[in-house]
Amino acid sequence: MENILILGSTGSIGQNAIEVIKKGSKYNIIGIAFNKNISKAIDQIKLLKPKYVYVGEASYIKQLKDLFPNIEYFTQETLVDLIGRTDVDFVVNAFVGSAGILPSFYAIYYKKKFALANKESLVVAGKILTDLAKKNNVEIIPIDSEHSAIYQCLDGKRQYLDKIILTASGGPFRQTNKKQFKNITKEMALHHPKWNMGAKITIDSATMMNKGFEVIEAGWLFDLDSNQIEVVVHKECIVHSAVEFIDGSIIAQMALPDMKLPIAYALYKPHRIAFENRLSFVDIGSLSFEKPDLDKFELLALAQEAFKKKNKNLGLLLNAADEVCVECFLENRIKFTDIPKIIKQIVIDFEDNLSDNVFELQAQTQIIKTETAKLIEKTRGF
Ligand SMILES: NC(=O)c1ccc[n+]([C@@H]2O[C@H](COP(=O)([O-])OP(=O)(O)OC[C@H]3O[C@@H](n4cnc5c(N)ncnc54)[C@H](OP(=O)(O)O)[C@@H]3O)[C@@H](O)[C@H]2O)c1
């Protein structure tokens, strides 16, 4: 049995990962990590009896210690020990946001087996993490469904790859006229037509920032140039992405939308776990593919441009500004249409001042978040 640590165990991916792991006998869940959702964490501790628990919001530790005195607890300051100095064999990083960047670095640095859902890690620190992974011979196994699809399609054929076709659902506003965007509420944006996910990624799907992040993530993960990544809107969410080879053949991975599938592949590859959900070609009827509307979804265009200038690490700016904007949008403090305006302004203002040291990335992310919050305050939206 391998000792697995689930970072973000209380979240959407984390809970699915636990369900998948419980189906087999390959892994012992030795540790879980969460931020604030204490009631879900208590349920998970009772069920899983982990040896280690990481708590982002350290003030909860006393309460947990009273309930479960035999567990070893970790906080932000000691996360490095949890990953690097315990008997953890496998790390699943399903933290949301920039909190996931350093854990990715530690997992790769300490040569752990490593599956990555936290896309922000590669968006912000793609070069650092992929360089280190090559040096330490660590494979970054993708959990994100599109990247898992590409990973499954490549399967030993990387040298023949011409380009990837990254599919996008188009989100809830695919057919909404841009003029109507000013009326979009958080309730409307939180209603994704196909996927049930955490709040942050659901809003990012509505703005298509999420697809922009995935372009950057795929670029680093599969070592691609920007012209090797084609984004195609595919509203049925059946083709999770595809790979075009130099002979013109395209191999796609298809399944009904369910994150358990890419999670299971990341944990059990090359083996496959039996699931009951089945796709019937006859029942689907037809599949559609169209170009994304980059005028409407400016953040996708911005991320594609950012990846073209990948030596500048603009992903850090996009990610930090987006985290603040999404939070403010969810608190009804800015409008949906403010999100791209603010992020674009932050890129203009800070484009030439970025660092590429992993420990500085965290601090720099914090600075950009503060600057974004100030910009929002100054303009009270646009
Ligand atoms: N959901 C999907 O279907 C999906 C698909 C592809 C990729 N992803 C990516 O996977 C990651 C997780 O997404 P999700 O939808 O599972 O998010 P989520 O449901 O919001 O869960 C996030 C998890 O991270 C924890 N967390 C949040 N802030 C933290 C902090 N500062 N320190 C430590 N832990 C923190 C949360 O703890 P609390 O519960 O205590 O707040 C929770 O366990 C994201 O990067 C997302 O882009 C998700």
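Colleague: In this predicted model, which residue of β2 does isoleucine 4 stand opposite?

Modeller: Strand β1 covers residues 2-7, and six bridges join β1 to β2, with the two strands running parallel. Within this pairing, the residue of β2 that stands opposite isoleucine 4 is isoleucine 29.

Colleague: And which residue stands opposite isoleucine 4 in β5?

Modeller: Strand β5 comprises residues 90-93, and four bridges join β1 to β5, again in a parallel arrangement. The residue of β5 opposite isoleucine 4 is phenylalanine 90.

Colleague: Is strand β1 largely enclosed by the rest of the structure or exposed, and how many of its residues are buried?

Modeller: In a regular strand the side chains alternate between the two faces of the sheet. In β1, Glu2, Ile4 and Ile6 point one way while Asn3, Leu5 and Leu7 point the other way, and all are buried. The strand is therefore largely enclosed by the rest of the structure, and the number of its buried residues is six of six.

Colleague: Which helix joins β1 and β2 in a right-handed β-α-β unit?

Modeller: The two strands run parallel and are joined by six bridges. The helix that makes the right-handed unit with them, covering residues 12-23, is α1.

Colleague: How are the rings of tyrosine 27 and tyrosine 268 arranged?

Modeller: A pair of aromatic rings is described by the distance of the centres and the angle of the planes. Among the 14 aromatic pairs counted, tyrosine 27 and tyrosine 268 have centres 5.7 Å apart and planes at 70°, and an angle over 60 degrees counts as edge-to-face. Tyrosine 27 lies in strand β2 and tyrosine 268 in helix α11, 241 residues apart, and both residues are buried. The arrangement of this pair is edge-to-face.

Colleague: How many residues apart in sequence are the parts tied together by tyrosine 52 and phenylalanine 74?

Modeller: These two residues also form an edge-to-face pair, with 5.8 Å from centre to centre and 80° between the planes. Tyrosine 52 is buried, with a relative accessible area of 4%, and phenylalanine 74 counts as buried at 4% relative accessibility. Because tyrosine 52 lies in strand β3 and phenylalanine 74 in strand β4, the pair ties together parts whose separation in sequence is 22 residues.

Colleague: What length does helix α15 reach from its first C-alpha to its last?

Modeller: Helix α15 has 13 residues, covering 338-350. Its buried residues, including Ile342, Ile346 and Phe350, pack against α9, α10, α13, α14 and α16.

Terms used: Residues numbered from 1 in each chain as written. Heavy atoms only, no water. Phe/Tyr/Trp six-rings, centres within 6.5 Å; stacked < 30°, edge-to-face > 60°. Buried < 20%, exposed > 50% of the residue type's maximum accessible area, 1.4 Å probe, protein only. Expected span 1.5 Å × (residues − 1). Contact = heavy atoms within 4.5 Å. Pairing = 2+ DSSP bridges. Right-handed = clockwise from strand over helix to strand, strands pointing away.
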